[in-house]
Amino acid sequence: MIYRLNQEMKLLYCHLLPEVEVSEFKFWSMIEINYLTEGPVSQKLISLLIEKMGRRTDSGGHSIFLGQVRADEIDGKKVKAIEYSAYVELVNIEAENIKKKIFSAFPDVKSVNIIHSTGIVNAGEISLFVFISAGHRHQSIQACSKTVELIKENLPVWKKEIFEDDSHKWK
């Protein structure tokens, strides 16, 4: 049987394997993990992940990084949005590699959640969500910072800044 999930529920499920209740269905089988969402990372998705991760009894520290699009002024033009594009298959591979590095470097870390936007994200909206859970706060804070750095260095996601006059610049 095939269930149609909206994107947020699919992302939530992917990050909370092996069992998550979505609507009235329980899912136990693995589906393709996706670290990307179209458009901004929604407050609803962030809230759902925080709520679900709050049920973990093996974690005493949670750290969150929210990357937000800034309305920078560049050469006298104000950024109104960023359009993100990605090499999807490679993003999933690289995100898994990042998670492995974090688990290896920080043995107290229990979970690593990464969600990055694709498509248009307006100034003021969230484009990157990183959520780390660990036994203790110190490792969750350090692991969160390291995860963000590894994402910036390795994740094949590109940015096109869109200005208020609708001109653009690849970054």
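Tyrosine 84 stands opposite glycine 119 in strand E7, strands being DSSP runs of E with at least two residues and helices runs of H or I with at least four, both numbered from the N terminus. The model is predicted, with local features needing pLDDT of at least 70 and side-chain atom pairs counting only at pLDDT 80 or more, while totals for chains, interfaces and linings use all residues. Residues are numbered from 1 along each chain as its sequence is written, and side-chain values use heavy atoms, with hydrogens and water left out.

| Partner of E6 | Sense | Bridges |
|---|---|---|
| E5 (residues 73-74) | antiparallel | two bridges |
| E7 (residues 109-122) | antiparallel | four bridges |
| E9 (residues 157-163) | antiparallel | seven bridges |

Glutamate 73 has lysine 78 in E6 as its bridge partner, and E5 and E6 form a hairpin with two residues between them, where aspartate 75 in the turn has a positive phi of about 50°. Glutamate 83 stands opposite lysine 160 in E9.

In helix H3 (residues 88-105), Val91, Asn92, Ala95, Ile98, Lys99 and Ile102 are buried, that is, under 20% relative accessible area, with exposed meaning over 50% and partly exposed in between (1.4 Å probe, protein chains only). Seen down the axis of H3, these residues fall within an arc of 125°, so they line one face of the helix, the arc being that of the directions from the helix axis to the C-beta atoms. The face turned away from the buried side of H3 carries the exposed residues Glu89, Lys100 and Ser104.

Note on methods:
Two strands pair if DSSP finds at least two bridges between them. The expected span of a helix is 1.5 Å times one less than its number of residues.
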